[in-house]
Amino acid sequence: MSRVSVTGSKRVIDDVIEAAYAHHSLHVTDYDERYEGFEPGTSLDGAETVNERLVTVRSLESILDVSEDDAEVARSLDDDELVSELERVRERVNELNDQRDELQDAIRDRQEEIDRMEPFAELGIDLEYLRGYDSVEVVVGEAKPAAVEAALGDADSIDAFDVFVGGDVVAIVARPTDSHAEGVVQDALVGVDIALLDVPEADASPDEYVAELEAEQADLRDELAGIETELESVKEEAAGFLLRAEEQLTIEAEKKEAPLSFATTENAFVAEGWVPTETYPDFEAAVVDAVGDRVEVEEHERASFTPDGDHHAEPVDEGGAGGAPTPSVTDDAEDATAEREAATDGGHAGHGTDDPPVVQSNGSAAGPFELLVQAFGRPKYSEFDPTLLVFLTFPAMFGFMIGDVGYGVLYAAIGVFMYTKFDGAFRELGSVAMWAGGFTILFGIYYGIDLFGYHAYQLLGIHWPVEGKGLSPADLDWGLSFLVVSVVFGIVHLNVGHVLSFVSTLQQHDVKHAVYEAGSWLLILNGAWIWIFSQVFPNAKPDFLFEAVSVLTFGAVSFSGFPVAVGWAGAVAALLGLVLLGIGEPPELAEFLSPVVNVISYARLMAVLLAKGGMALAVNLLAFGAYIDDGGDGSFHFIFSADYLDKVQNTADYELVFAGITTAFDPASIGAVGVVALVGGIVVAVVGHIVVLLLGVTSAGIQAVRLEYVEFFGNFYEGGGRAYLPFGRDRKYTRDD
């Protein structure tokens, strides 16, 4: 990236903006008042009008529900056509929208009136009988009749009363003892839980009144449907124009507001930013072609930056990029340049941050995983972009932890849905889900063709080398082996992180810094784990550390641990790493155990694998029942049917774990209890596996992301970069004729 500036007279600022926008390469940096005597610019004339029209267009698009699917063939749109057509569409749409709002309000009012009438319909008394009396009071409300009658009976202020009941509604007719008293009934009901209802102003029976309201509502809905049809017609006619107008106005608004990022005086302006170094000659030529020698375009540095903020700038020839001679400039450009140099004592101060923007380009496969990296922080200009590594490791960790063909198919299907139905971040998440689902399927096949917690190889009656995930006595060795796999993966993963840290430090500083800051951790990490996996003090170490290789390779390869000499060499290497760390970074000695602790943190891969597998197993146990064959391999076998349950209960070598719900269903003698059991078992299985599916996203997904962010990124990656957002726009709906 090259940091550039464009300095010139305000008289040519419009032409410069047009040229820069058309070239679409300059990432403009905001002016932050570093130049003495300069101030942030103001929008160009007409910006307010353009923004008002843009707001109008977007409002019309919202009313008509216009989307990209409504686009037409791109064509030009001149200002006169935009203004006249926009006014015509605005008037028509606003008129129809106002009518729609009025009809919707009227329909809503009728519905509220109908809802008010429902209690009176339950009561079954004509509305005219519930009001208009002088000698008695009538009160209607929702309450328990017994409580109402008790309260009225105890009231001395009431001479006589009657209560009419309809559902939860009561109508009270009472004669006060004092004929001149008012509100006697309500006073008597103070201690009663009653919701008073206002009697509607209508003389018809409640049912007739509701029928009238529903008829009016139906007529209003017919009118509303007509308005909706007209709006749809307007949408078909105007959608293409609105999309073109929005794009055209957005472009104009961006151009007119561009000076807000410039440094300006009464007569001059300075626009600064970043362009890809290879495009600088073209950018300079485009601006000069537009305004001639009335501006000065300068390339100030071709920068590379270190994570600690130091920066290096390759020298740029005074003649410009590639040694090309700088064109002569007019007095206007010279005056503007002189003002800028005077503001910086003859030097140059850049706008805003000095860090160049970042372009991430990882291809179609790894590209969606930029979303996970950016959630932590976009890479700085000087940093290695870890997206490819996340692409290679995140789906594998997720698949390892879930490892089920059924769940994997569902994850992949959800991913396909998101990828095809949404745009932006949801589309990228869909791609991530497809990759995660694919690896979940692969590991599910590896674990014994696991299908929603059921080993399908048993159903197929075939031999499968991997006996499970470590959930039954038969496959306990596999569970411990997967623990070793998790740890070894952690060692490799952290080594990659430390190597990247070493390379980065070497590039930015020197060998000494690289050895002290990264090489020391590499020595500690590998030395400590070589010692752990060695035959030094073998009786103090669990056997599965050395048996896992034989289990995982089906006996083809054995590993009894590194020799004692290699183990002690590892210990010496770790000690040397501590010494180097103490010399180079003494405060970090407090974390000297982190290489061991961080690797052990990867044991969560095996833990989640067992947890999710155990949850799926528990769901199947509840739904279908299971037993262990003590005379066989000792693995779980599901029962499913009542006949098979009977066989299990009468076989000496079969140890029943749980009978299951569905086994109560016997097809030979179908009964109500059996049918309920069958349905209940299926519901438990479906709901249970949905829960496991959802928890898989939160547990496996979060744990995999955590290992990437904390253990892996923590060794070499900071983030905090800015996206490269060049000034300009690629047209989709309009042409710049």
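1. The second largest pocket holds about 370 Å³ of space. A pocket here is an open set of points on a 1 Å grid over the protein atoms alone, where a 1.4 Å probe fits, with protein on both sides within 12 Å along at least five of seven lines. Points are joined across faces, edges and corners, and the volume is the space filled by probe spheres set on them.

2. The model is predicted: local features need pLDDT of at least 70, side-chain atom pairs count only at pLDDT 80 or more, and totals for chains, interfaces and linings use all residues. Residues are numbered from 1 along each chain as its sequence is written, and side-chain values use heavy atoms, with hydrogens and water left out.

3. Lining residues have an atom within 4 Å of a point. For the second largest pocket there are 16, and Phe-398, Leu-429, Val-432, Ala-433 and Val-697 lie nearest its centre. Its lining comprises 15 nonpolar residues, one polar and no charged; Ala, Val, Leu, Ile, Met, Phe, Trp, Tyr, Cys and Pro count as nonpolar, Asp, Glu, Lys and Arg as charged, and the others, Gly among them, as polar.

4. Helix 22 provides the largest share of this lining, six residues. Helices are DSSP runs (H or I, at least four residues) numbered from the N terminus.

5. The largest pocket has a volume of about 820 Å³. Of its 33 lining residues, Ser-501, Gly-714, Asn-715, Phe-716 and Tyr-717 are the closest to the centre.

6. Helix 15 gives the most to the lining of the largest pocket, nine residues. By class, this lining has eleven nonpolar, 13 polar and nine charged residues.

How values were computed:
Helices (H or I, at least four residues) and strands (E, at least two) are DSSP runs, numbered from the N terminus.
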